[in-house]
Protein chains: 2
Amino acid sequence: MSQVYDRVALIGLGLIASSMFWAIKRAGLAGEVTGYSRSAKTRDTARQIGLCDRVCDSAIEAVKDADLVVLCVPVGAMEAVAQEISGALNPGATVTDVGSVKRHVIQSVAPYIPEGVHFVPAHPLAGTEHSGPESGFAELYDNRWCLLVPAEGSDRGAVKKLRSLWEGMGANVEEMDADHHDLVLSVTSHAPHLIAYTMVGVADDLSRVTDSEVIKYSAAGFRDFTRIAASDPTMWRDVFLTNKDATLEILGRFTEELFALQRAIRTGDGEQLFDYFTRTRAIRRGIIEAGQDTDAPDFGRGKASQ
Amino acid sequence: MSQVYDRVALIGLGLIASSMFWAIKRAGLAGEVTGYSRSAKTRDTARQIGLCDRVCDSAIEAVKDADLVVLCVPVGAMEAVAQEISGALNPGATVTDVGSVKRHVIQSVAPYIPEGVHFVPAHPLAGTEHSGPESGFAELYDNRWCLLVPAEGSDRGAVKKLRSLWEGMGANVEEMDADHHDLVLSVTSHAPHLIAYTMVGVADDLSRVTDSEVIKYSAAGFRDFTRIAASDPTMWRDVFLTNKDATLEILGRFTEELFALQRAIRTGDGEQLFDYFTRTRAIRRGIIEAGQDTDAPDFGRGKASQ
């Protein structure tokens with residue numbers, strides 16, 4: 001893989017940015033990668049672990065002479081960062097982001113993109129429940145999707161270069177309209193996260209079942225919920241507040257279906273339950289076939305950590 | 001590990017029974033293991049893959065001279081099986097089961113346990129989304145919990161032997177009261193499964209988001225739900241129908257909390273969301289510390305299958 005950009009600036013140094021840095025380095029995709037975090041502690045950590053070729057003490061310094069600027073801050077912080085760096089962006093440079101919500105980010109950031117600078121919003125569908133500069137790893141994007149959400153009339157050359165970067169980091173890239181992105185993600189990510197957070201909260205509240213019981217016996221299904229519900233609170237607060245309509249719509253449909261299944265349980269309608277569970281099983285098969293998960297009987301986990 | 005039972009009979013040859021067989025063999029815990037499945041096709045498969053030392057064509061033949069009989073059928077089928085084998089049980093033998101619900105199983109099976117035969121209900125908290133005789137593997141129970149739910153006045157010798165068997169198969173064993181078991185499991189397993197089934201069903205129903213989009217972009221949170229929602233439909237139908245009260249109670253609390261979070265999203269109450277998500281993150285830490293999951297950044301999955 002050859003170099004795609006001369007200088008990439010990562011604004012925000014959490015899981016996504018730090019994984020981008022290691023993936024860029026792995027494939028030699030950029031001449032230099034600069035980085036900036038609002039937190040002095042994060043900048044110190046980044047310097048200690050060699051995260052970024054150069055860690056800067058201001059966003060303006062980090063974006064100077066960059067031909068790609070990547071906004072890796074929570075969705076709710078995008079506008080302030082865009083405003084701050086606006087005057088320091090080079091003509092011909094591209095600004096992108098990694099936010100989980102696209103319509104809101106476009107509305108927040110686009111007004112600050114100067115004439116002659118390209119804006120190509122993006123969203124890599126990858127993550128873990130960990131956060132912070134030390135949580136990144138080069139393989140995070142391997143065989144995962146990155147969705148590009150360019151506005152109509154975007155510079156195709158700028159979109160193509162950003163696609164090359166993400167493909168170079170191991171991702172599969174597709175383009176999608178912002179509103180459709182926000183709906184699809186509300187189904188595959190935002191609503192499931194809220195549901196997992198809720199279920200874990202219920203368990204924590206239940207006085208007749210101790211926390212230690214919940215923790216000890218989590219392997220029976222609940223464990224996957226806790227992993228989802230351990231994701232970064234700031235990021236997720238912002239996602240729900242900025243993708244409000246789609247998330248509330250999906251949650252409304254979810255509640256409706258849940259009530260129907262609860263009624264089936266209450267009335268003892270085994271046939272309805274069986275049919276429903278048979279249908280959902282087929283979706284899983286599709287995911288295995290699409291290569292988005294492993295079918296290994298132990299989920300690829302080692303013995304000791306099961 | 002030395003032999004615990006002379007002859008173990010496995011009635012039902014799905015994921016749990018087949019994993020028990022391989023785990024028993026791995027540690028040499030039984031002289032002979034017989035097996036029976038109602039399905040001729042399953043019995044044929046079992047014979048072909050060497051599952052069980054002897055596959056029998058009737059449950060009565062399988063339990064003959066067994067000193068441990070393990071009922072590995074769906075909860076809703078326990079009563080019929082218990083009735084069928086009742087007359088063939090040896091005095092001094094132990095009958096156990098692996099059902100996910102305990103109060104109902106006890107009510108269904110206990111009446112058919114003859115004088116002089118011990119009944120020690122059990123529930124291994126382990127599984128995958130796969131089912132059938134070929135889905136088992138010896139490591140399934142390693143470092144997982146198995147809950148024993150003996151009635152008051154149970155023969156302590158029989159309980160102790162069953163504990164040795166489960167420990168020999170790699171599990172950690174605890175004893176629990178049947179009603180408490182059913183409540184704890186409704187929180188850690190039954191309600192989460194119904195919620196996952198529901199969310200996957202909603203995704204499947206949504207005409208504006210295609211199935212292929214749901215599948216392609218599942219890695220963003222939804223994937224874990226689909227794994228849970230791919231579990232055996234018969235088993236889960238029976239679980240919900242037989243642990244109705246506890247499951248409905250937990251689902252009621254879940255809905256209540258979900259409505260509160262939906263309201264916070266609607267009104268833009270970021271502080272409430274942030275506080276809630278911070279609290280749930282702590283539970284995850286407890287699970288990692290309790291050794292019930294891996295903290296590896298890629299969840300222990302290989303690159304290709306992420």
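**Exercise 1. The sheet of chain A**

Which residue is the bridge partner of A:Val95 in β6(A)?

*Solution.* The model is predicted: local features need pLDDT of at least 70, side-chain atom pairs count only at pLDDT 80 or more, and totals for chains, interfaces and linings use all residues. Residues are numbered from 1 along each chain as its sequence is written, while chains are lettered from A and ligands numbered from 1 in the order in which they are written.

Step 1. Helices (H or I, at least four residues) and strands (E, at least two) are DSSP runs, numbered from the N terminus. Two strands pair if DSSP finds at least two bridges between them.

Step 2. Strand β5 (residues 94–97) of chain A runs parallel to β6(A), and two bridges join them. Within β6(A), A:Phe119 is the bridge partner of A:Val95.

**Exercise 2. The domains of chain A**

*Solution.* Step 1. Domain 1 (5–176) and domain 2 (180–289) make up the division of chain A, with bounds from an automatic or database domain assignment. Their centres, taken over C-alpha atoms, are separated by 30 Å.

Step 1. In the contact, 14 residues of domain 1 of chain A meet 16 residues of domain 2 of chain A; two residues are in contact if their C-beta atoms, placed from the backbone, lie within 7 Å.

Step 2. The domain 1 side comprises six nonpolar, five polar and three charged residues. Ala, Val, Leu, Ile, Met, Phe, Trp, Tyr, Cys and Pro count as nonpolar, Asp, Glu, Lys and Arg as charged, and the others, Gly among them, as polar.

**Exercise 3. The contact between the chains**

How many residues does the contact take from chain A and from chain B?

*Solution.* Step 1. Each of the two chains, A and B, gives 100 residues to the contact. On the chain A side, α7(A) provides the largest share, 19 residues.

Step 1. By class, the chain A side holds 49 nonpolar, 27 polar and 24 charged residues.

Step 2. Across the contact, the axes of α12(A) and helix α7 (residues 178–205) of chain B come within 9 Å and cross at roughly 70°. The two helices, α12(A) and α7(B), are therefore roughly perpendicular, the term for angles of 65 to 115 degrees.

Step 3. Residues of α12(A) including A:Tyr276 and A:Phe277 meet residues of α7(B), among them B:Tyr197 and B:Val200. This contact has five nonpolar, two polar and two charged residues.

**Exercise 4. Helix packing in chain B**

At what angle do α7(B) and helix α11 (residues 244–267) of chain B pack?

*Solution.* Step 1. The angle between α7(B) and α11(B) is about 65°, and their axes are 9 Å apart.

Step 1. The contact of α7(B) with α11(B) contains nine nonpolar, three polar and one charged residue. B:Leu183 is one of the α7(B) residues there, and B:Phe254 is one of those from α11(B).

Terms used. Axes are lines fitted to C-alpha atoms, for helices over the stretch in contact, and angles run from 0 to 180 degrees between N-to-C directions. Angles under 35 degrees count as roughly parallel, over 145 as roughly antiparallel, 65 to 115 as roughly perpendicular and the rest as oblique.
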